[in-house]
Amino acid sequence: MKLTETVQSGDWKNEKHVPELEVKKLEDNKYEITAVVGKEITHPNTLEHHIAWIKVFFIPEGAKLPIEIANYNFSAHGETDVFTEPVAKGVLKTETKGMLYALSYCNIHGLWEGSLELA
């Protein structure tokens with residue numbers, strides 16, 4: 001089995017594991033990219049069950065391979081009552097259209113993918 005065969009996807013409105021991408025156009029060919037897990041249906045955030053990380057990739061139109069544009073680790077899951085929420089935000093500068101992909105990792109349910117076109 002290949003690792004890519006284990007990546008799950010789904011409708012983020014009905015599944016709490018799929019990373020949802022949001023894009024806000026800024027000035028000078030910049031885009032504010034937000035990736036969040038559990039926006040509509042909250043994902044557990046405990047030591048036993050949590051989102052450990054989100055990675056964001058961009059495939060420019062006409063390109064063959066993705067570019068990793070962000071990597072966010074969420075390390076606090078209740079230790080001494082401290083929690084990090086699975087929300088990642090950054091700014092991408094590009095003049096090229098393409099596809100954004102977010103990959104998240106749940107420590108119990110594995111890898112999940114969401115995508116959004118950057119037009």
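The model is predicted, so local features need pLDDT of at least 70 and side-chain atom pairs pLDDT 80 or more, while totals for chains, interfaces and linings use all residues. Numbering starts from 1 along each chain as its sequence is written, and side-chain values use heavy atoms, with hydrogens and water left out.

**Phe 74**
- Phe 74 sits in the loop between strand E5 (67-73) and strand E6 (77-79); strands are DSSP runs of at least two residues, numbered from the N terminus.
- Phe 74 is buried, at 7% relative accessible area (buried means under 20%, with a 1.4 Å probe and protein chains only).
- Leaving out residues up to four places away in sequence, Phe 74 touches Ile 51, Ala 52, Trp 53, Ile 54, Thr 84, Glu 85, Pro 86 and Val 87 (contact is heavy atoms within 4.5 Å).
- Glu 85 is eleven residues along the chain from Phe 74, with 7.1 Å between their C-alpha atoms.

**The three-stranded sheet**
- The order in this open sheet is E2-E3-E8, paired antiparallel (pairing takes at least two DSSP bridges).
- E2 (19-25) and E8 (87-93) are the edge strands with a single partner each, so one side of each has no neighbour in the sheet.
- Seven bridges link E3 (residues 30-37) to E8, and Lys 30 stands opposite Lys 93 in E8.

**Who lines the largest pocket**
- E4 (51-60), E9 (98-106) and E10 (110-118) each supply at least two lining residues.
- E9 gives the most, with three residues.

Conventions
Helices (H or I, at least four residues) and strands (E, at least two) are DSSP runs, numbered from the N terminus. Buried means under 20% relative accessible area, exposed over 50%, partly exposed in between (1.4 Å probe, protein chains only).
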